[in-house]
Amino acid sequence: MTEVGFQSWPSGGKSITDGTTPTLPSPARPTGETGTEDTGRDLQSSNSLFHPSAGPVQAGFFCWDVATGEINCDPSTFRLHGLPEGSPPHLDTFLSRIPESDLPEFVGALQSMAEAGGNYQIAYRIAADGGGWRQLEARGRVLADAAGAPTRVVGVVMGTTAAYERQEAEKRRLYEGATRNRLMQQLTAALAAAVTFRDIMAATQVGLQEFGASGLAVVASQRDGLSVVASYGCHDEELAAVCDADTGACFPLQDALARQAPVFVASVTDLAAAHPQPAQQAAGGSCRAWAAIPMADSRGPIGACLMGFPSPREFGPEERALLVAVAGLLAQSLERAGMYESQHALATELQRGMLHPGPLSAPGLTIAARYQAATSGMRIGGDWYDAICLPDGAVALVIGDVQGHSVHAASLMGKLRTVIHAYTCEGHGPAAVLARTNRLMVEFNPDPDRAMFATCCYLLIRPAEGTLEACTAGHPAPALIAPGEPPRLLDIAGGLPLGVDPQAQYPTERMLIRPGSVLAVTTDGLLEAAGGDIGVAIEAFLAELAGAATADLEVLADELLAGVQRARRRSDDIALLLARLTGPTVR
């Protein structure tokens, strides 16, 4: 609490450093007068050192002998320190008024002040009568002898409690304003990141709790009245008392909606003055103050929100403005959530129509497939999988990924899936299917600014013979897990992604696979979800496939996606295909 400063102040006339003892004021001077008119030219020159902002200032003068500790002062100095006029005029007497917790710092400040010499300014506090603290400030000059050693300290001491309290109040106001701004920024960021109705309400609850609100009810305007669409922190009785959704008799809310202006109720008493019956019911609830604020989105008024506070509350102008802003952010977020839900429903239906209907099955194979939508942006992508059973007993497993997330990407994915299915059923081999699909993909992209490409992995399995023909177009290679062997990526010389070069060729790798072997192929969304280096992600993927040869493929598929499902935001969708060869090998 002790503050000390050393300054160079302007002075006029005779210098106070010439050793002349300043003339002290008469003891009869009334408290509250500065008395600078008879203190000599030395102190007259210091009139500019302080300027009271209003009213008379309590002040006293003193002269402290550094060597003896004796202090020569006027009665005002004693009174300012809460001492009787007959108190021993010694430094220890005044130090006894300093709180013990402040004493080491204060004594250190005195020593530094004396050693530095020149002008000084020191602020400190003493215990006030009746409790609390009284703030004081001393200003003056340290006088030194010819050798520069301090001999006396002269100055004026003033009561600064009122100024200190104003300063502290201003500090609190600035701190509270900065805190409100910080909390508002955090709430704004949380609402901007929230895309679902549940996430928005959770973010709003956390934000409003920081502002002191313990409950929230969001009320929507319906044709047949008002209805509570979401709430937290409010008992059913409170909602019925303050917002009766069945009858539409929403008292603060009704006022707010009728006037299209915020209504602030500072206490149950204020509520009773306007609405006695709901006040009696609300008296048994947890809220003691309310803010009812109309809500509007881009379409116009949509309802109102009611914020409850656990104790009576005087809503100041800044807090009122902040709560109105919160209601506006909430309305915008809810509108965005509604649009998001509509888009998600459309995307889900479109995606469901594009993917293979129902579980995949094929003679000689056990197949498990999964599709996981992205969790951010437009939740419709171009990932797909398929299983095509051929008349000769062969099975074509296909997985692909069209660039981007949009309706255009999804529609292009649907075309590719249909084209590959048709070319396969015509009897073309893996390389021919991809080459023909690639040329058609180039034709699908006549506009260079909207051109898109796709990756694809095509696996042709003949379960009865135990053979595999693998062909890839810019896609991650499949993994093979043979019984008794560690998982490994197949070494495939893949070709370019579909839609890049119309003349691209796609080499085919042929190999034997044993019964019980598992093939695992996925889109890059699963690998990228692990973050970091793609090589590390592939190693992690292979490690998770270690027990695939004997595992239940449906359980394994869920386990492979479990980690990415926990991620809050994922920018890419995922397709996963697992197939175990169950047919006998023909030698």
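Is glutamine 260 buried, partly exposed or exposed, and what is its relative accessible area? In this predicted model, glutamine 260 is partly exposed, with a relative accessible area of 42%. Partly exposed applies because 42% lies between the cut-offs of 20% and 50%. The residue is found in the loop between α8 (251-259) and β11 (263-265). Its backbone also deserves a note: glutamine 260 has a positive phi of about 50°, although it is not a glycine. Most residues other than glycine have a negative phi.

**Overall content**

The protein chain has 587 residues, of which 46% count as buried. It contains 16 helices and 23 strands. Among contacts in the chain with a separation of 6 or more, 64% are between residues 24 or more positions apart.

**Strand pairing**

| Strand pair | Bridges | Residues standing opposite |
|---|---|---|
| β16 (residues 395-402) and β17 (residues 454-462) | eight bridges | valine 402 and alanine 454 |

**Helix packing**

Two packed helices are described by the angle between their axes and the distance between the axes. For helix α5 (residues 161-193) and helix α6 (residues 197-210), the angle is about 175° and the axes are 9 Å apart. That makes α5 roughly antiparallel to α6, because angles over 145 degrees count as such. On the α5 side the contact is made by Leu183, Leu187, Ala190 and Leu191, which meet Ile200, Ala203, Thr204, Gly207 and Glu210 in α6. By class, this contact has six nonpolar, two polar and one charged residues.

**Nonpolar cores**

The largest nonpolar core has 32 residues. Those that touch the most other members are Leu208, Phe211, Leu216, Met307, Phe309, Leu323 and Val326. Two or more residues each are given to this core by the helices α5, α6 and α11 (317-354), and by the strands β7 (215-222), β8 (225-232), β12 (289-297) and β13 (300-309). The largest share, eight residues, comes from α11.

Which residues does valine 326 touch, not counting those up to four places away in sequence? They are Met184, Leu187, Leu208, Phe211 and Met307. One of them, Leu187, is also among the α5 residues that meet α6.

A second, separate core has 28 residues, including Leu416, Ala454, Cys471 and Ala473. Ala454 of this core is the residue of β17 that stands opposite valine 402.

Definitions and conventions. Residues numbered from 1 in each chain as written. Predicted model: local features only at pLDDT ≥ 70, side-chain atom pairs only at ≥ 80, totals over all residues. Heavy atoms only, no water. Axes fitted to C-alpha atoms, helices over the stretch in contact; angles between N-to-C directions. Helix = DSSP H or I, 4+ residues; strand = E, 2+ residues; numbered from the N terminus. Parallel < 35°, antiparallel > 145°, perpendicular 65-115°, else oblique. Contact = heavy atoms within 4.5 Å. Nonpolar A, V, L, I, M, F, W, Y, C, P; charged D, E, K, R; others polar. Core = buried A, V, L, I, M, F, W, Y, C linked by side-chain atoms within 4.5 Å. Buried < 20%, exposed > 50% of the residue type's maximum accessible area, 1.4 Å probe, protein only. Pairing = 2+ DSSP bridges.
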